[in-house]
Amino acid sequence: MNFKKLLKSILIIALASYLAICGLLYFYQEKLLFHPEKLEQDFQFEFKHEFVERDIVTSTGHSINTLLFPQENAKGVILYLHGNGGSLKSVGNVSEHFLPLGYDVFMVDYAGYGKSSDEITQQEEWFEDMQFIYDDLKNSYSEDEIFIIGYSIGTGVASYLASQNNPAQLILHAPYYSMTDMMKRNYPIIPMIILRYELATNQYLKNVDAPVYLFHGDKDEVIPVESSVMLSEEFNLPFTKLEKQGHMNIAGNTVALQELEIILK
């Protein structure tokens, strides 16, 4: 085989491999984005505080498992939308950070997480599930009593909900500018057209009327702190940079909790 034929064969193989990788990323990107922990339906949660577990069947037909941590004379409710891993088995413990602030805490497991049925297969259905949950929450609280806190991948759907509704406030823990921006950072050679989960926080925030607050660790190894810097500068949003804080456990960060107490008041 001469050099030209060898070079042509190498280019064909390289192109075929590239197209194969793009195809895999397009059809299996849920495997990259979502890392749910599944729980048996008879699993019994155990937490320090009283809680009410309820399954809500949404308009998509998904059964979404939820936990409400109530308390007497609550000032309102914190709707907490968690990250891309785990389940309410561990996420439920985050409520311990928020309950001393005087608010009920309401948490959900997305489709495919914990005891929730099915799985996330498209952004629109995921958002539809969370809008249904938000509407259900309005049966017990007025919107000026609902405070949305989103963490990591949950910041995208939290921002979307705030753009479609009128919650009292939106608090974002370790937000990304957009999933497109994240993909450019991590997979610069992959065409953006294959991305099926845009999670365009930067677009949703344009339509949010509620006050928005950003928190991000300066040692975040998953979502760079520059994401919050860009959002803060573009929308003139209050931004608390948490020193020596990584991606995990922002909800329990002492400085974040002190700031959150001020914000909620």
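**View 1. Residues tucked away in helix H6.** In helix H6, the buried residues are Gly-154, Thr-155, Gly-156, Val-157, Ala-158, Ser-159, Leu-161, Ala-162 and Ser-163. Here, buried means under 20% relative accessible area, exposed means over 50%, and partly exposed lies in between (1.4 Å probe, protein chains only). With 9 of its 11 residues buried, H6 (residues 154–164) is largely enclosed by the rest of the structure. What do the buried residues of H6 pack against? Their partners are strand S4 (77–81), helix H5 (123–137), strand S7 (146–151), strand S8 (169–173) and helix H8 (201–204). Contact means heavy atoms within 4.5 Å. Helices (H or I, at least four residues) and strands (E, at least two) are DSSP runs, numbered from the N terminus.

**A note on the model.** This is a predicted model, in which local features need pLDDT of at least 70 and side-chain atom pairs count only at pLDDT 80 or more, while totals for chains, interfaces and linings use all residues. Residues are numbered from 1 along each chain as its sequence is written, and side-chain values use heavy atoms, with hydrogens and water left out.

**View 2. The open sheet and its strands.** Follow the 8 strands of this open sheet in the order S2-S3-S6-S4-S7-S8-S9-S10, and you will find mixed pairing. Strand S2 (52–57) and strand S10 (239–242) are the edge strands, each pairing on one side only. From one strand to the next, the twist averages 20°. Two strands pair if DSSP finds at least two bridges between them. S7 and S8 run parallel and are joined by 5 bridges; look for Ile-149, whose bridge partner in S8 is Ile-171.

**View 3. Two helices lying across strands.** H5 lies across S2, strand S3 (63–69), S4, strand S6 (104–108) and S7, and runs at about 125° to S2. Helix H9 (residues 226–235) lies across strand S9 (212–217) and S10, at about 155° to S9. For these angles, axes are lines fitted to C-alpha atoms, for helices over the stretch in contact, and angles run from 0 to 180 degrees between N-to-C directions.

View 4. Gln-29 sits in helix H2 (residues 29–33). Is Gln-29 buried or exposed? Its relative accessible area is 5%, so Gln-29 is buried. The side chain of Gln-29 reaches the backbone nitrogen of Arg-196 at 2.8 Å.

View 5. Side chains of opposite charge can pair when their charged atoms come close. A salt bridge is a side-chain nitrogen of Lys or Arg within 4 Å of a carboxyl oxygen of Asp or Glu, and by this rule the count comes to 6. One of them joins Glu-96 and Lys-48 (3.9 Å, N to O). These two are 48 residues apart, with Glu-96 in helix H4 (residues 95–98) and Lys-48 in the loop between strand S1 (35–36) and S2. Glu-96 is partly exposed at 26% relative accessibility, whereas Lys-48 is exposed at 71%. Another pairs Glu-53 with Lys-115, their closest N and O atoms being 2.9 Å apart. Glu-53 in strand S2 and Lys-115 in the loop between S6 and H5 are 62 residues apart. With 34% relative accessible area Glu-53 is partly exposed, but Lys-115 is buried at 5%.

**View 6. The salt bridge of Lys-138 and Asp-135.** The closest N and O atoms of Lys-138 and Asp-135 are 3.6 Å apart in this salt bridge. Lys-138 has a relative accessible area of 33% and so counts as partly exposed. Asp-135 is also partly exposed, at 33%.

Conventions:
A polar contact is a pair of N or O atoms within 3.5 Å; within protein, one must be able to donate a hydrogen and the other to accept it, and residues adjacent in sequence count only if both atoms are side-chain atoms.
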